[in-house]
Amino acid sequence: MPAEVSIYEVGPRDGLQNEATILSADRKIEMIEGLVDAGVKRIEVTSFVNPRWIPALADHMEVATRIRRKPGVTYSALVPNLRGLDAASRAGMQEIAVFMAASQTHNRKNINKTTEEALATYREVVTEARSRGMTVRGYVSTVYGCPYEGEVPFEQVLRVGKSLLDMGCYELSLGDTIGVGTPRQVEYILDGLLHADIRLDQLAVHFHDTRGTALANITVALQLGIRTVDSAIGGLGGCPYAPGASGNVSTEDVVYMLHGMGCRTGIDLDRLVAISARLGGHLARELPSKYLKAHLGHCARVGKPLA
């Protein structure tokens with residue numbers, strides 16, 4: 001296991017975008033600042049997408065401009081096009097992310113573009129963002145399977161991934177959008193990308209825990225040399241264009257596992273789970289995080305306050 005692992009927190013964007021309860025900007029800011037105070041160093045705070053497509057993040061400008069930013073922390077936002085880039089620039093974002101699938105049908109359903117059209121759009125966005133001094137992260141979704149096409153050939157993953165890196169993305173986040181990946185599949189994909197001259201420091205993993213394999217998949221990725229793991233506080237998430245997909249792997253589940261294996265994250269697990277407990281109350285539902293459930297049960301048994 002690596003001595004240190006970087007957690008890339010996606011809860012405020014990828015987690016909240018699919019929630020039935022829409023949090024106020026104040027709640028979102030409290031959540032983001034709390035996560036950073038708990039030790040999170042890389043965090044995706046919102047998405048500069050047309051509010052008609054993602055109503056839950058319609059307050060992107062307010063959230064991005066009002067958060068208290070700490071030195072040494074990377075704050076990022078998803079950007080779909082040049083208009084979104086302009087808005088992110090006005091909000092003072094220093095890092096953006098672009099997002100597309102390895103499968104053609106998911107691109108059509110999710111971003112209303114073919115794979116070629118998406119790549120053409122993002123070449124413009126990435127070039128312009130870098131000219132403004134921004135760094136750009138690239139998401140590749142449906143790496144391990146597509147809700148519409150089923151199994152996705154490795155060649156498509158490689159083509160999209162290489163294209164995003166070639167246009168200037170510094171890192172690829174490889175997404176298991178519907179949570180079908182298994183450890184052997186993870187090994188196959190990562191091994192193939194590394195043999196195609198993509199460096200380890202250019203890769204991150206992003207698993208949904210739909211079928212309970214996320215932590216096992218992360219373990220395999222770490223053993224192969226991956227050092228960046230995406231996760232969402234409380235296990236928030238899901239995709240409106242991936243029916244049946246559950247949330248992202250929970251940040252507190254990942255941090256608990258990593259600390260138990262001797263990997264440093266710089267994150268205070270007690271503070272993290274306190275944020276998760278409050279968030280469940282704000283959303284008026286039980287969050288899927290397994291560590292959170294165990295923690296709540298323990299607190300109830302011993303009479304310990306939740307935070």
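Reader: Which helix gives the most to the lining of the largest cavity?

Author: The model is predicted, so local features need pLDDT of at least 70 and side-chain atom pairs 80 or more, while totals for chains, interfaces and linings use all residues. Residues are numbered from 1 along each chain, and side-chain values use heavy atoms, without hydrogens or water. Two helices (DSSP runs of H or I, at least four residues) each supply at least two lining residues, namely helix 2 (25-37) and helix 11 (269-283). The most, four residues, comes from helix 11.

Reader: Which residues line the largest cavity?

Author: A cavity is a set of 1 Å grid points where a 1.4 Å probe fits but cannot get out, and lining residues have an atom within 4 Å of a point. The lining consists of Arg27, Glu30, Met31, Ile275, Arg278, Leu279 and His282.

Reader: How much space lies in the largest cavity?

Author: The search of the whole structure returns one cavity of 30 Å³ or more. Volume is the space filled by probe spheres set on points joined across faces, edges and corners. For the largest cavity, this space is about 60 Å³.

How values were computed: 1 Å grid on protein atoms, 1.4 Å probe; cavity = no way out; pocket = protein on both sides within 12 Å on 5 of 7 lines; lining within 4 Å.
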